[in-house]
Every structure is written in C-alpha cells, then in structure tokens.
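The sequence and the structure come first, and the notes follow.

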Amino acid sequence: MRVVDLDRDMSDVIPTGMSLDSEYLFERMTEISISEALPDSGRRVLDVASGVGQDSIELAARGAWVVGAEPSRRMIGMSQLFAAEKAADKTKGSKGPAPGWVQAWSDSLPFATGAFDACICKGALDHFDRPEQAIAEMARVTRSSGRVVLAIANFESLACRAGRALDEMRQDLLGMEPLRERRGYDAPSDHFTRYEVDLMQEQASRHLVLEQVRGISVGWGLPGWSRLVEALPRELGWASLQGLDRLARAAPELADVIVLVGRPRRSPSTSA
Ligand SMILES: C[S@@+](CC[C@H](N)C(=O)[O-])C[C@H]1O[C@@H](n2cnc3c(N)ncnc32)[C@H](O)[C@@H]1O
C-alpha cells in the first residue's frame, strides 16, 4: 500500500500570509523552473506532481502544450477549477491550449518514451517514496535532446545549518527551549527524503547528463529572517534578497532551493 493521501490538498503547504522572503523564493523557483523548461513556445511539457496546477497553467499561458501528472484526485480537481477560472478571465488569455490532467504516480509515468520535449518537477521529489525511479521515468518520457528540470528544497542550506547550530547552542549550552514548533531544518512528516546538493546530484546524474546545478535564495527559514527583511523598505529588502540570490546561484550548497537541469541519459532500453 502506498502511504500517500490521494485526497490531500495544499492547504497545509500554501502559506496564507506571504512574507517578502517567501514571496521572493516562490516567485524565483517558479520562474526558473518554467523558463528552463521553456526556451521556446509550442513545446510539449510534462509537469510531474503538478499539485494544484499553477505551473502547468502558467506554462500553457506561455504557449506550451502541457500535461500535469498528479496522483491526488483532489489536487487535479483544484487544477481543473483554477484552469477554468483562468480561461474565463479574458484579461489573462493563454497562448497555448488548456493543460491536460492525468492521475499518475511519478515512478510509473503512463507516457511513451520520448513523448515530451521537457519535464519539470518542482518542490515534490522529497514527497516521493521512490524518487530516483521518478527521475528515471522523467528521463525516459523526455526526448533525448530535451530537458528535465528538478527544483527541490535544500535541507543542508546555510539557513538550515545556522538554524541547527543556534538551536543546539540554546538547548545544549544554555538549557533554553527551542525557538519555534517546527524547525526549518527538519523535513516535514510528508517528506521521504532530506535532500542536499550532493544527494540530488548523485541521484539525478545516474539518469541525466547535468547541464546546470544552481541555487535559489539564501536565508529562508532562519529564525528572525522574515521579520528582518520585512522591516526594511520593500525595495531594499528585495535588493538584499536579489544579492543573496546571486550568492545562491554561485554556491548551491548554501542555497534554500536547488535546481538541476539535465538531458536524459539514454540506455539501450530508453532509446527514443
Ligand atoms: C508540495 S506539492 C508540489 C506541487 C507542485 N509541483 C508545486 O510546485 O506547487 C507535492 C506534490 O507531490 C505529489 N506526490 C506525492 N507523492 C507522489 C508520487 N509518488 N508521485 C507523484 N506525485 C506525488 C503530491 O500529491 C503533491 O501534489
């Protein structure tokens, strides 16, 4: 039996009030994943673990022919609603056809070898019980010169390491209580893998010829960080986040999110 709730929705993961650092991180994560998958329009793109479908809908708006693959019926229902809302809003016209939605597990994708020009999987690999098999499947269904884009949280980021050191000092040396209920460096209960850059590269490079390993944002989740950024004038806060983002790009091991882009590594059994 698979331990994934097929009726789950995103109410536990979508932040209700967005702080500036969260806004920056989520916006960059979406923009980079989509733009890496979509260097030109009219491409066939598969969005694996598409959740409530926002990236599939955005890819379609930018001209792609998109399939969102997601095991949760509830999330697919929400995706259909959001796509219909977008289609009804004439001010948000879409360049491509509406996305198609398929109920599917990532480690057994119901598509032919080489069926897509690109595949994205954003913020989901650590939810999979068989992530490496999922990467192999993404490589299989993407044509050999196409691209697979994986974006994933880094649980050994600078913020995670500093947060852990701070808690250890408070608790072990000073005998104080932890600063908050869920510590940013602990993987949530619905995560199977605690990714960091080496593990990501190791798993991905068995199935992809990696072209890019880059980081996004530094500092997210560090105690007090959101409040500090919010306290700055918005332009200054945004500029600081952009500066740290440049550091993340150059040193993904420090970054809050890691993005890997690669071309499928073909074996005789996956030769399309
Ligand atoms: C945090 S959400 C990310 C959704 C979306 N990609 C995004 O960026 O918002 C994780 C998704 O992984 C899906 N999921 C969990 N296990 C899965 C599996 N084995 N195969 C495919 N999807 C899975 C969940 O249903 C959920 O939609």
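Of the contacts in the protein between residues at least 6 apart in sequence, 79% join residues at least 24 apart, where contact means heavy atoms within 4.5 Å. The model is predicted, so local features need pLDDT of at least 70 and side-chain atom pairs count only at pLDDT 80 or more, whereas totals for chains, interfaces and linings use all residues. Residues are numbered from 1 along each chain as its sequence is written, and side-chain values use heavy atoms, with hydrogens and water left out.

**Overall content**

- The protein has 8 helices and 7 strands; these are DSSP runs numbered from the N terminus, with helices being H or I of at least four residues and strands being E of at least two.
- Buried residues account for 47% of the 272 residues in the protein. Buried means under 20% relative accessible area, exposed means over 50%, and partly exposed lies in between (1.4 Å probe, protein chains only).

**The sheet**

- Seven strands form an open sheet with mixed pairing, in the order S3-S2-S1-S4-S5-S7-S6; two strands pair if DSSP finds at least two bridges between them.
- Strands S3 (100-102) and S6 (208-216) stand at the edges with a single partner strand each, so one side of each has no neighbour in the sheet.
- From one strand to the next, the twist averages 20 degrees. Axes are lines fitted to C-alpha atoms, for helices over the stretch in contact, and angles run from 0 to 180 degrees between N-to-C directions.
- S1 and S4 run parallel and are joined by 3 bridges, and Val45 has Ala118 in S4 as its bridge partner.
- S4 also pairs with S5 in the parallel sense, over 6 bridges; here the bridge partner of Cys119 is Val148 in S5.
- On the pairing of S5 (residues 142-153) with S7 (residues 257-264), the sense is antiparallel and there are 6 bridges. Val148 stands opposite Gly262 in S7.
- In S4, 7 of the 7 residues are buried, so the strand is largely enclosed by the rest of the structure.

- Helix H2 (residues 54-61) has 6 of its 8 residues buried, so it is largely enclosed by the rest of the structure. The buried residues are Asp55, Ser56, Ile57, Leu59, Ala60 and Ala61.
- The buried residues of H2 pack against H1, S1 (44-48), S2 (65-69), H3 (73-88), S3 and S4 (116-122).
- In helix H6 (residues 197-205), Val197, Met200, Gln203 and Ala204 are buried. Seen down the axis of H6, the buried residues fall within an arc of 140 degrees, so they line one face of the helix; the arc is that of the directions from the helix axis to the C-beta atoms.
- The buried residues of H6 pack against H4 (131-141), S5, S6 and S7.
- At the start of H6, a side-chain oxygen of Glu196 comes to within 2.9 Å of the backbone nitrogen of Asp198. A polar contact is a pair of N or O atoms within 3.5 Å; within protein, one must be able to donate a hydrogen and the other to accept it, and residues adjacent in sequence count only if both atoms are side-chain atoms.

**Aromatic pairs**

- Rings of Phe, Tyr and Trp (its six-membered ring) pair if their centres lie within 6.5 Å; planes under 30 degrees apart count as stacked, over 60 as edge-to-face and the rest as tilted. By this rule there are 4 aromatic pairs.
- The ring centres of Tyr24 and Trp238 are 5.0 Å apart and the planes are at 75 degrees, so the pair is edge-to-face. This pair links distant parts of the chain, with Tyr24 in H1 (residues 20-37) and Trp238 in H8 (residues 234-250), 214 residues apart.
- Tyr24 is buried, with a relative accessible area of 4%.
- Trp65, Phe111 and Phe116 are linked into a cluster by ring pairs.

**Two individual residues**

- Ala124 is in the loop between S4 and H4 and is buried, with a relative accessible area of 5%.
- Leaving aside neighbours within four places in sequence, Ala124 is in contact with Ala49, Ala151 and Ile152.
- Arg263 is in strand S7 and is partly exposed, with a relative accessible area of 27%.
- The side chain of Arg263 reaches the backbone oxygen of Ser145 at 2.3 Å, and a polar atom of that side chain lies 3.4 Å from the backbone oxygen of Gly146.
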